[in-house]
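Here's a quick briefing to read with the model open beside you. Have a look at the charged side chains first, then work through the rest.

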Amino acid sequence: MSRSVMVMAAGILALASAAHAQNTKVFHGEVSDSQCAMNVHSLTRSHQEMLKSKSMGGTANTCSVYCIEHMGGYLVLSSGKDVFRLDRADLVHGFEGQRVKVTGILDLKVNQIHVLKVELESTQ
């Protein structure tokens, strides 16, 4: 490749990286399942009813895992009235029922966060 093509390719990559970094945001909320967070079998957009009945486990974690594995739910970030689908189960699995900080890119067309990083929310 010629030097000018290499310089142009490097410039395009730099611009793409800058655009990607500008769209990256931090979201706070609870990793949940779509069933509870979207009132499929809940009246409070939470695990409250399921935990009282003990039909899906005794914790928010076990309720989320059960609903995902057996009820057709998927991983979401629930933040107040906002619910965002999470696209990287490999990064998010294990945080079900916990308050987290998700770094990612929001795709408003499908209301989904492309997850780049997940951390437990500090409890200070």
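Lys-101 is partly exposed, with a relative accessible area of 30% (partly exposed lies between buried, under 20%, and exposed, over 50%, using a 1.4 Å probe and protein chains only). Its side chain meets that of Glu-119 in a salt bridge, 3.7 Å from N to O (a side-chain nitrogen of Lys or Arg within 4 Å of a carboxyl oxygen of Asp or Glu). Keep in mind that this is a predicted model, where local features need pLDDT of at least 70, side-chain atom pairs count only at pLDDT 80 or more, and totals for chains, interfaces and linings use all residues. Numbering starts from 1 along each chain as its sequence is written, and side-chain values use heavy atoms, with hydrogens and water left out.

**Salt bridges**
- The structure holds three salt bridges.
- Glu-119 sits in strand E5 (residues 112–120) and Lys-101 in strand E4, 18 residues apart, so their bridge links distant parts of the chain (strands are DSSP E runs of at least two residues and helices H or I runs of at least four, numbered from the N terminus).
- Glu-119 also bridges to Lys-117, again with 3.7 Å between the closest N and O atoms, and Lys-101, Lys-117 and Glu-119 end up linked in a network.
- Glu-119 is partly exposed at 29% relative accessibility, and Lys-117 is partly exposed at 43%.
- Arg-88 pairs with Asp-90, the closest N and O atoms being 2.7 Å apart; Arg-88 is partly exposed at 29%, while Asp-90 counts as exposed at 56%.

**A buried charge**
- Glu-96 lies in the loop between helix H5 (89–92) and strand E4 (99–107).
- Glu-96 is buried but has no salt bridge, and the nearest side chain of opposite charge, Arg-85, is 13 Å away (Lys and Arg count as positive, Asp and Glu as negative; His and the chain ends are not counted).
- What the Glu-96 side chain does have is a polar contact with the side chain of His-93, at 2.7 Å (N or O atoms within 3.5 Å, one able to donate a hydrogen and the other to accept it; sequence neighbours count only if both atoms are side-chain atoms).

**Aromatic pair**
- There is one aromatic pair in the structure (ring centres of Phe, Tyr or Trp, the latter by its six-membered ring, within 6.5 Å; planes under 30 degrees apart are stacked, over 60 edge-to-face, the rest tilted).
- Phe-27 and Phe-84 form this tilted pair, 5.7 Å centre to centre with 55° between the planes.
- Both Phe-27 and Phe-84 are buried.
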